[in-house]
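Subject: Structure handover

Hello,

Here is the structure for your work. My notes come after it.

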Amino acid sequence: NAGVMQNPRHLVRRRGQEARLRCSPMKGHSHVYWYRQLPEEGLKFMVYLQKENIIDESGMPKERFSAEFPKEGPSILRIQQVVRGDSAAYFCASSPPTGGVVAGANVLTFGAGSRLTVL
Amino acid sequence: KQEVTQIPAALSVPEGENLVLNCSFTDSAIYNLQWFRQDPGKGLTSLLLIQSSQREQTSGRLNASLDKSSGRSTLYIAASQPGDSATYLCAAPNAGGTSYGKLTFGQGTILTVHP
């Protein structure tokens, strides 16, 4: 049981470059959430995905950020044309498949995070 | 919109003390509430999950209570140890909707237990 795997753990990018963060959910989990933790701020919800579907992206910045969870492979959070303000820890979490709250649909298991530094 | 507040922001205690961390939330129509631990530069570790039908949950030296009517939860740590030093986060789900894992986190309490 490898848990939620995120990579890279640390990523350094220069302004204007692209950042791609990957997340493999826990075995048996089909729901993925991305959260961002800015320096000196709390964790903020970004996006909720199921396989091939974005369910809730109400926390995503309107520009430069996108997320996907393809049928095969990990979930990807992509940040285009990064700026210094994007420097943060990005956490992925997964939860069990459908069944609602009774089935533990909001009991999240978090990964160790990917720390993005924009120079 | 759910809002979560944690008090105190930081706490420093000598080893062996019992301590209480506080969490308050604005929308009491929640399914459950979770407490997490975050070590510097690390991810989140789930400590306790309290269902809305429960009043408290225990794991080892940790005990979490939930009072939905007052919008409050407390995390009680007994006989604190230096290894308990970390940031403790309280998280409540957004009531309603189907984004069940859309949690609102408090700012956290930074706990330091010194020998």
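Below are the findings on strands, cores and backbone.

This is a predicted model, in which local features need pLDDT of at least 70, side-chain atom pairs count only at pLDDT 80 or more, and totals for chains, interfaces and linings use all residues. Residues are numbered from 1 along each chain as its sequence is written, chains are lettered from A and ligands numbered from 1 in the order in which they are written, and side-chain values use heavy atoms, with hydrogens and water left out.

Strands

Helices (H or I, at least four residues) and strands (E, at least two) are DSSP runs numbered from the N terminus, and two strands pair if DSSP finds at least two bridges between them. In chain A, four strands make an open antiparallel sheet in the order S1-S3-S8-S7. From one strand to the next the twist averages 15° (axes are lines fitted to C-alpha atoms, for helices over the stretch in contact; angles run from 0 to 180 degrees between N-to-C directions). Within the sheet, five bridges pair S3 (residues 19-24) with S8 (residues 75-79) of chain A; A:Arg22 has A:Ile76 as its bridge partner in S8(A).

In chain B, S4 (residues 32-38) and S5 (residues 44-51) run antiparallel and are joined by seven bridges. B:Leu33 is partnered by B:Ile50 in S5(B). These two strands form a hairpin with five residues between them, and B:Gly41 in the turn has a positive phi of about 70°.

Cores

A nonpolar core is a set of buried Ala, Val, Leu, Ile, Met, Phe, Trp, Tyr and Cys residues joined through side-chain atoms within 4.5 Å; buried means under 20% relative accessible area, exposed over 50%, and partly exposed in between (1.4 Å probe, protein chains only). The largest core has 24 residues, of which A:Trp34, A:Met46, A:Leu77 and A:Tyr90 touch the most other members. Apart from it lies another core of 22 residues, including B:Ile50 and B:Tyr88.

Backbone

Two peptide bonds are listed here as cis: A:Asn7 to A:Pro8, with omega near -5°, and B:Ile7 to B:Pro8, also with omega near -5°. A:Pro8 is in the loop between S1 and S2 (10-13) of chain A.

A:Glu52 is not a glycine, yet has a positive phi of about 65°. It counts as exposed, at 56% relative accessibility. B:Ala79, likewise not a glycine, has a positive phi of about 45°, and B:Ala79 is partly exposed at 37% relative accessible area.

Regards
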